[in-house]
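Work through the exercises below with the structure in view. Each task is followed by a solution in steps.

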Amino acid sequence: MIINFVMKLVAGMALMLLVSVVAILFDGADRVIHARMQRRWGPPLFQPFYDILKLLGKENIVPRRAVKWAFNGAPWFAVATMLLIFLYIPIGSLPPILGTEGDMILVIYLLSLSGVAMAVGGFASGNPIANVGAQREMILMMSYELPLAVVATTMAWVAYKHGVPGQPFSLETFIGVPMWGIVGKMGLLGLLCLLVALTLVVPGETGKGFMDIPEAKTEILEGLIIEYSGTNLALLKITFALRALALSAIIVSLFLPWSVGRLVNLSGPTLFIVDFLCFWVKVFVVQVLGVTFIRTAFGRLKIWQASRFYWINVAGLSLAGMVLVSIDVIL
C-alpha cells in the first residue's frame, strides 16, 4: 500500500515536470510557427523558457488595493489544477497515474477551476482593467462549457451503448477501443462534428487567437494579469501553456487514440516508448491546428461575438454530432 502510494507520487511528480517542459516547448514552437506564417523570423524556440526563468528571479509586486491572499494564491491554484489534469490522461500506451480515481467529469471541473482561479486573481488585484479581463474570462468560460460537456457526455454514452469495456467516462476506455471503428456512417459524421466542436473549444480555453479577449494586449493591456509580476506571472504563463496542452491531449485521447506501436507489432518497452513519443507528436499537431493556425488566420472577436459563437455555432455543432451519433446507435 505504502510502496504503491510512493510510486504514484514519484511518477506524478515526474509527469508534472515533464508536461511543464513540454507545454513551454510547444508554446515556443507555436510562436515560431505563428511568426513564419506571417512571414516573420520570430523569437527563438526556447524564448518562453528564457522569459519564465527571468520572471522567476524577479520580485512579486502586490498592489496596495489587492486582496493579498487571493492575489498571490490564484496563480499557484491555477497551475496546480492544470498539472493535476495530466494524472488522469493516458499517455500513449501508458495508463493514467490516477485513472481509477477520476474521469472526464473531474477533468472538466479541473479545467473550469483553473479559469476561475485566474479570474479570482484578476478580481483580487483591485485594478479596473484586470476586473474587465476577469469578467471576460468568466463569460468566455461559461460559453464554451456547454459544447465541452456535450462532447464528453456523448462520447461516454456511445461507449456505454456499444458495451466498450471499462468506465464510460474514463479516458483510458477510449484508448483501448477507438470509437471510429464501432459506429456506422452516420456515427462517423457525428464523431467528426464532435471532434471539430472540441477543437474549436481550444482557442477559448487558451485565450489565444480570435479568443484573445480576457488579455487583449492592444485593448486592455493584458487584462486579468496586468498587475502580476515575478513568480506569479511566471506561473500564469505556465498555466496558459498547460491549458493548450491539456485540451489537445484530451482530444488525442478521445478521437486520435490509435497505437502506432501495436500497428507495427511492437511489444514491451519499445511499444511504450514509441506510443509515448507518438502521443506527443499528435498533441503537437492538434495544438498547431487548434491554436497556431486559428490565431494566425483570424482576428480577435468581441466578447459578445465569442459568446454567441460558442453558444450557437459550436454548441449547435456538438448537439448535431450528439443527434447523429444517437441515431446511429438506435439504428
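Predicted model: local features only at pLDDT ≥ 70, side-chain atom pairs only at ≥ 80, totals over all residues.

**Exercise 1.** Determine how helix H3 and helix H4 are oriented to each other.

Solution. Take helix H3 as residues 68-85 and helix H4 as residues 104-124. Their axes come within 8 Å and cross at roughly 165°. Angles over 145 degrees count as roughly antiparallel, so H3 and H4 are roughly antiparallel to each other. The crossing of H3 past H4 is left-handed.

**Exercise 2.** State which classes of residue form the contact of H3 with H4.

Solution. Begin with the residues themselves: H3 contributes residues including Phe71, Phe77 and Met82, and H4 contributes residues including Leu110, Ser114 and Gly121. Sorted by class, the contact holds 16 nonpolar and 3 polar residues, and no charged ones.

**Exercise 3.** Find how H5 lies against H12 and what their contact is made of.

Solution. The axes of H5 (residues 128-161) and H12 (residues 303-330) come within 9 Å, crossing at roughly 5°. Angles under 35 degrees count as roughly parallel, so H5 is roughly parallel to H12. The contact of H5 with H12 comprises 20 nonpolar, 5 polar and 2 charged residues.

Conventions:
Residues numbered from 1 in each chain as written. Heavy atoms only, no water. Axes fitted to C-alpha atoms, helices over the stretch in contact; angles between N-to-C directions. Helix = DSSP H or I, 4+ residues; strand = E, 2+ residues; numbered from the N terminus. Parallel < 35°, antiparallel > 145°, perpendicular 65-115°, else oblique. Nonpolar A, V, L, I, M, F, W, Y, C, P; charged D, E, K, R; others polar. Left-handed = near helix turned anticlockwise from the far one by under 90°. Contact = heavy atoms within 4.5 Å.
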